[in-house]
Structure formats: structure tokens, C-alpha cells
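Here is a briefing for a reader who is meeting this structure for the first time. It begins with a single side chain and then moves on to the fold, the core and the surface.

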Amino acid sequence: MPPSADLPGFLHGVAPILDRWGYLAVAAMIGVESFGVPAPGQTIMVAAAIYAGAGRLNIIGVAAIAFVAAVLGDNVGYWIGVRGGRKAVHRWGKYIFLTPERLARAEGFFARRGSRIVVIARFIDGLRQFNGVIAGITAMPWRTFLIYNAIGAALWVGWWTSVAYVLGNHLVEIIEHAHRYKWWAIAIITLAVIAYVTLHLRHIKRRRARTVAAVVEEPHG
């Protein structure tokens with residue numbers, strides 16, 4: 001028998017599902033999460049990778065199934081978006097925490113960033129679940145979406161399966177330890193953003209002042 005792998009912390013809740021269904025659980029959870037159904041896709045992928053590190057699953061199998069499920073799920077979401085996603089969001093979105101206001105903000109992200117958002121969306125809760133739906137609603141070309149979505153899925157799956165496989169149960173300990181310092185991190189990030197905005201506004205103000213001065217000094221014919 002392979003060695004056991006007790007899942008600590010927030011991963012413990014998915015252990016019964018993973019114990020019973022194995023690879024199928026990974027495929028199903030990631031697949032449905034990828035087109036907007038609330039499901040612990042990332043959590044079960046991390047748990048499966050920890051199981052693989054303990055010899056209970058194969059890490060290549062976990063990574064391959066997670067990648068395929070992520071890409072297929074997002075493509076289902078894309079076609080949902082194309083075929084009437086906006087109406088569905090306005091009618092049913094509130095039940096899965098996707099309000100029209102949140103959709104509008106997400107659309108703004110896509111309009112400004114496009115393919116880059118598709119790549120990084122996998123790492124962001126909220127965008128990960130509705131990445132494909134929003135891309136379909138905003139009429140992003142399907143081939144463009146497919147390529148960048150596959151890149152994002154590969155990076156996401158590669159990162160989490162590798163880290164979980166190598167660190168095993170220590171991953172949860174590291175995450176829980178890091179949470180002790182999250183308020184310090186938030187404070188530092190907030191101060192950095194305030195400093196950046198302040199300096200940026202000063203720069204704009206000085207540039208405008210120089211422009212006005214140049215106009216005033218310009219000789220009149």
C-alpha cells in the first residue's frame with residue numbers, strides 16, 4: 001500500500017472526495033470551477049499533488065488532468081459567454097457572487113489588458129472562475145483566448161503542483177505561518193501604493209506647470 005498523506009489545515013475538507021474519486025475528482029472540480037460553478041478546484045489540485053508526493057497518485061497524471069480540465073472548463077465558459085452570458089449574469093450572477101458591477105469591472109480589465117489578463121486570471125480568485133465567461137461576453141477572438149488561456153493554465157498548474165509536490169504537508173504550515181504577517185504585508189503595500197500615487201500626481205502637476213509656463217513665454221506673432 002502507498003504511504004498515507006494526511007491533509008492538514010484548509011486541505012482537510014477535500015480529502016474524502018479525493019480519497020474516493022482520485023483523478024476524476026481533480027478533473028471534475030477544476031472543470032466546473034473554470035466555467036463559474038463554485039468548487040474547490042485549486043484546493044483539490046494542491047491536495048492531489050501532496051498525495052502524489054506521498055505516493056498515492058502520480059504527479060504527471062495530476063498535472064495533465066488538471067491542465068486539460070482547466071482549458072476545457074474555460075472554453076465551456078467562453079462559449080457560455082458568447083451564447084448569452086451577459087443575460088445570464090444579470091439574471092443569475094448574484095447567486096454566484098458575480099454582480100453586474102463586478103462584471104463591469106472585470107470587462108474593464110479585459111478591455112485594457114486583454115490577453116495578459118487571460119494569462120494571469122488563473123492566479124486570481126474570481127477571475128479564475130469567470131475568465132472564460134468574461135472573455136466570451138467581451139467577444140475576444142476564440143483562438144486568441146485559447147492560446148493565452150492554455151499558457152495561463154500551464155503556468156497555474158505547473159506552479160501549484162510543483163510547489164505542493166515538493167513541499168508536501170509543509171506547504172500548509174508555510175501558508176499558515178505567512179498569514180501571521182499578512183497585515184504587515186498589506187500595510188507595506190498600501191503605503192507603497194500611496195507613495196506611488198503621490199509622486200505620480202506631483203509629477204503630473206509639475207509637467208502641467210512647465211507646459212503652462214512654456215505657453216506663457218511663447219512669443220506672440
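Does W159 count as buried, partly exposed or exposed, and why? W159 counts as partly exposed because its relative accessibility is 48%, where buried means under 20% relative accessible area, exposed means over 50% and partly exposed lies in between, with a 1.4 Å probe and protein chains only. This is a predicted model, in which local features need pLDDT of at least 70 and side-chain atom pairs count only at pLDDT 80 or more, while totals for chains, interfaces and linings use all residues. Residues are numbered from 1 along each chain as its sequence is written, and side-chain values use heavy atoms, with hydrogens and water left out.

**Overall fold**

- The protein has eleven helices and zero strands, helices (H or I, at least four residues) and strands (E, at least two) being DSSP runs numbered from the N terminus.
- Of the 221 residues of the protein, 37% count as buried.
- Among contacts with a separation of 6 or more, 75% join residues 24 or more positions apart, a contact being heavy atoms within 4.5 Å.

**Nonpolar core**

- The largest nonpolar core has 29 residues, of which L18, I30, M45, L57 and W156 touch the most other members; such a core is a set of buried Ala, Val, Leu, Ile, Met, Phe, Trp, Tyr and Cys residues joined through side-chain atoms within 4.5 Å.
- At least two residues of this core come from each of α1 (15-21), α2 (23-33), α3 (41-53), α4 (59-82) and α9, and the largest share, nine residues, is supplied by α3.
- Not counting residues up to four places away in sequence, M45 touches I30, V62, A66, W156, V157, W160 and T161.

**Helix α9 and the surface**

- The protein exposes about 13700 Å², and carbon and sulfur atoms supply 67% of that area, as given by the Shrake-Rupley method with a 1.4 Å probe, where for residues only the protein chains shown count as cover.
- Leaving aside neighbours within four places in sequence, N149 is in contact with A70, V71, D74, N75, V118 and N131.
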